[in-house]
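Subject: Structure handover

Hi,

Here is the structure we talked about. Please open it alongside this note; my findings follow below.

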Amino acid sequence: MPPALRHSTAPLAAAIALALGAPAFAQSAPDDGATRLDAVIVTGTRATDRTVLESTSPIDVLSQDDLRKAGAVNGELGSALQALLPSFNLPRQSNSGGADHIRAAQLRGLSPDQVLVLVNGKRRHVSSLVTTGSKVGRGTTPVDFNAIPLSAIQRIEVLRDGAGAQYGADAVAGVINIILDSEGDGGAIEASYGAHHTTLEPIDRTLTDGQSASLAAKVGTALGDDGFLRVGLEYKALSPTNRAGFDRIPPWDQTPRNLELQGQGTYNQRDTEGANYFRYPDGEANWLEVYPNGFRPVSIGENLDVAGVAGVRTQWGDWDIDASLNHGRNAFTYRLRDSINASLGPSSPTRFKTGDYAFDQTLANVDVSRLFARGDNLHTFATGVEFRVEHYETGAGDPASYAAGPFTDRPTGSQAGGGLTPQDEADLDRDVASVYASVSSSFGEKLSTDAAVRYEHYDDFGGEVTGKLAARYEFVPAFALRGALSKNFRAPSLGQIGFESTGTGYNAAGQLIQSRLLSVNNPIALALGATDLTPEQSINASLGFTSRVGENFDFSLDLFQIDIDDRVALSEAITSDALTDFIDAEFGVPGVQSVSFFTNAADTRTRGAEAVANWRHPLAGGELRLTGTWSYADTEITRVVATPAALSAVVPDAVLFGVEESNTLTDAAPRTRSAFTGNWNDDRWNLLARVTRHGSTRRVFNFGGGFEPEQVYGAKWQLDAEAEVQLGTAWSLAIGGLNLTDEYADLSNEDIYYYGNLPYDVLSGIGSSGAYYYTRVRYRF
C-alpha cells in the first residue's frame, strides 16, 4: 500500500462569528468592487474618502459577493482569496505534517509571516503551530485564514505594500484587512455540496472523492437607530483525496460616534486528519504482530481558534477617539493514530498525543484622529499607542510518544512524529509597546500624500523605528502616478524561538529517517552553532500609475522592490552518522539522524509588478464586466549566512543554509499568476467564467551526499465557471466547477517521486486534486 498523496481533511469544522457596533466599522464599499477603482477604502490611509483609484498604494477590494462566487472548496476563506488575488498563494499541502492542518499563505511571494492580517482593522493572532513539513511557508507561524468564517465577511481590503509604520511589525509584504458583516437586519442560510471527479493518469483510474459539505447561517438585528447585532454559524465537513501512484519500491529498500460600543468575535473548532508515509511490513519501524501488512500513520489535529474585540468610539470636540481591547488564542493538540513506537515492542500503543501548542495575544490600543481643512487642502492627523502581550506555550506528549524502549535496534518515539519530551517544553512571553503618528493629506484634487512614523519596542529585541512616505499625483483626470517608500521590520515569532518537533523523512536511499527541529535555545542546537535570532529589516519601494477612461474602463500597474535583511528561516536538514554519534555521546539522545534549527539565514531582494484592469458594458439587459489581473514576483538571495565553525567541527561538509532552503525562499512559489474573469448578470441570472494561469515552480531537494535532484513544474491553465439563478426574491441556486478541464501539475521525475508513490508535487498552483464540481443553495430573509 503506497504512501498517499492525500490532502488534510476536516471531518468536523465549526465556526461562530459575532459582531456588535455601529452600522459599519468602516465606510461601505460597492458590492461589485472586487477590483474596481472607485471603491471607498479604509486600509492604508487615515483619509475617510479615498477610493482604490485615489490610493497612494495598490489596494484590492473584494466584496461579499466576490468571495461567495469564488467557488472556494468547502467554503474556505483561503481558497477564495487564492482564486481572486493573483499575488496571493495558498497551496494545498500533503504529507506535510502540521501544514496538513493549517495552510500557510503568501503575498507577493514572501513568507506567510511577512503579511499582517487585520479583522476590522485590529491585529489578528497567528497560529501556535510552526509550519515545518511543508515547502511553501516552511518555518513560519501563519495566520489561519480558514478559522475565519467566510459567511461572516462583508469585504476584504488587501494593501499590497509595506505598512509597518501604519500598522506595526509584520506588514512587510502588505496588509489583509478582513471587515466583518455589519448589516443590521435580515439574514441568510446557505448550503453547498461538492466533490472532485477526475482521471488520475499515473494509475489510469477515474476517481470521485474529496466530497465536501457546508452549512452557513447568519442573522442580524438593529439596535436603536445606529447599532446592530449580528451572529453567524458555519459547519463544514471535507473528505480526503488520494493521488498516490503505484508503488514501485524495490523489496530490499522498504522501510494542518457619538459614543459607540463595538465588539466582534470568532470561534472556530476544527478537527483534521493528514496522511503520512507508509511503513512497510518488514521495516524496522514495524512489528508484524501489530501491523502484518504494514501501516500508514494518520496525524490528527485538534485546532481551537478564538478571538474577541471590545471597544468604544466617541468624539471629543473635533477629535475622533477609538479605544479597544483585543484577545486572540490558538490552541493546537497534535495526535497520531495507526502508529507505533517500535522501540517499545509489540505491546506499544498505536495512538499517541505528541504535543500541545498554544499562542495567546492580548492587545490594547487607543487611536485619536482629526480632520484639518485649509481651503481646498484636507489633512487627517492620527496618533495612537498600542500595548501587546504575547504568550507561547508547548506541552509534552504522552510518555510512550517519545520513550526509548528496550528494543534498541528499533527507532524510538511514535512513528510519523515523536512526541515532545518534558525537556522540549517551552513557556515564553513578551511585551510589545508602540506609538505612532500619521498624516493623510489631499492638496486639491490632484495631489494626495500619506506619511507615517512608528516606534515599536519589544522587551526581548529592543526598539525599532519604521516609517512610510507615499504620494499620488493626477496629471489629467484619466491618468495618475503613485509611489511609496517605507521601512518595515518583523520580529521572530515566539514559535520560531521556542518550537521543537520530531519527524520523519526520506534520505537519498529512499529510507525513512528520524529528524529533530531544535529551538535555538536547545543545548544540542547551541553546540552546533545556533545563535539568538534577530529581527528582519526591510525597505519597500513602489511606483505605479492608475487610469480611468470614462465609466467603462479602469487600469492600474504597480512596480515594486522589497529588500529584506536577516530573513529568519530553517537551516538545511543536517544529516550524518557523525552527527548521530555526537548527539548520543554528548547529550545521551540516541537515534537522531537529522537536525535543523532557525537562523537569520539570508538577505533577499524581491522585484515584481502587478496589473489590474476592468471593463464593463451593458449587454442583453444586464451588465458584462471583464477583469484581468496579473502579478509577477522574483526573489533572489543577496547574502547567505556562513556555516558555524561548531557545526563544521562535527560535520565537516555540512552547509547551514544551502540549495534546498534557498529554493524555499526563491522559486518554490509561482513567480507569475494571471487571471481573466468574465461576469454577466441581470435581475435573475449571474454567469461567471474565470481562466487562471499558474506560473511555473521549481523544487530542489538535498538528500545528502551531494545528491541534489531538482525539477521545474511548468505553467498550467485553469478554467472555472459558475451559473446562479434567482428563484423569486429570497432563494437562489448555483452550480459550478473549478478546474473544469481536469488539469494536473507535471508528473514528478524518478529522482523525487519516491518510487512512483508520489507522482505529483504540491507546489504547482493548479494543485493535485483535479476537477471539482459543486452546487449551492441560498435563502435570504
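Start with helix α7, residues 577-587, where L579, T580 and I583 are buried. These three sit on the same side of α7, because they cover an arc of only 105° around the axis. The other side of α7 carries exposed residues: D577, D581, A585 and E586. Keep in mind throughout that this is a predicted model.

Next, E572. This residue lies in the loop between β24 (553-570) and β25 (574-575). Its relative accessibility is 3%, so E572 counts as buried; the cut-off is under 20%. A polar atom of the E572 side chain lies 3.5 Å from the backbone nitrogen of V659. Leaving out residues up to four places away in sequence, E572 touches V595, S596, N702 and a run of residues that includes V655, L656, F657, G658 and V659.

D181 is another acidic residue in a loop, this one between β8 and β9 (186-200). D181 counts as buried, because its relative accessibility is 6%. Its side chain makes a polar contact of 3.2 Å with the side chain of K218.

Now the nonpolar cores. The largest has 54 residues, and the members that touch the most others are L67, L77, L81, F145, I156 and I178. Elements that each supply at least two residues of this core include helices α2 (77-84) and α5 (494-498), and strands β5 (115-119), β7 (153-159), β8 (174-180) and β24. F145 is worth a click. Not counting residues up to four places away in sequence, F145 touches L77, G78, L81, F88, A105, V117, I176 and I178. A second core is separate and has 16 residues, among them A530, V592, V651 and L656.

Last, the charges. How many salt bridges does the structure hold? The total is 49.

- R155 pairs with E157, their closest N and O atoms being 3.0 Å apart. R155 counts as buried at 2% relative accessibility. E157 counts as buried too, at 0%.
- R780 meets E183 in a salt bridge of 3.8 Å, N to O. R780 is partly exposed, with a relative accessible area of 35%. E183 is also partly exposed, at 32% relative accessibility.
- E302 pairs with R335, the closest N and O atoms being 2.8 Å apart. This pair links distant parts of the chain: E302 is in strand β13 (residues 298-316) and R335 in strand β14, 33 residues apart. E302 counts as partly exposed at 29% relative accessibility, and R335 does at 30%.

There is also a network. Salt bridges with shared partners join D65, R68, E190, E722, E724, R776 and R778.

Best wishes

Note on methods
Residues numbered from 1 in each chain as written. Predicted model: local features only at pLDDT ≥ 70, side-chain atom pairs only at ≥ 80, totals over all residues. Heavy atoms only, no water. Helix = DSSP H or I, 4+ residues; strand = E, 2+ residues; numbered from the N terminus. Buried < 20%, exposed > 50% of the residue type's maximum accessible area, 1.4 Å probe, protein only. Polar contact = N/O pair within 3.5 Å; in protein donor to acceptor, adjacent residues only side chain to side chain. Contact = heavy atoms within 4.5 Å. Core = buried A, V, L, I, M, F, W, Y, C linked by side-chain atoms within 4.5 Å. Arc of directions from axis to C-beta. Salt bridge = Lys/Arg side-chain N within 4 Å of Asp/Glu carboxyl O.
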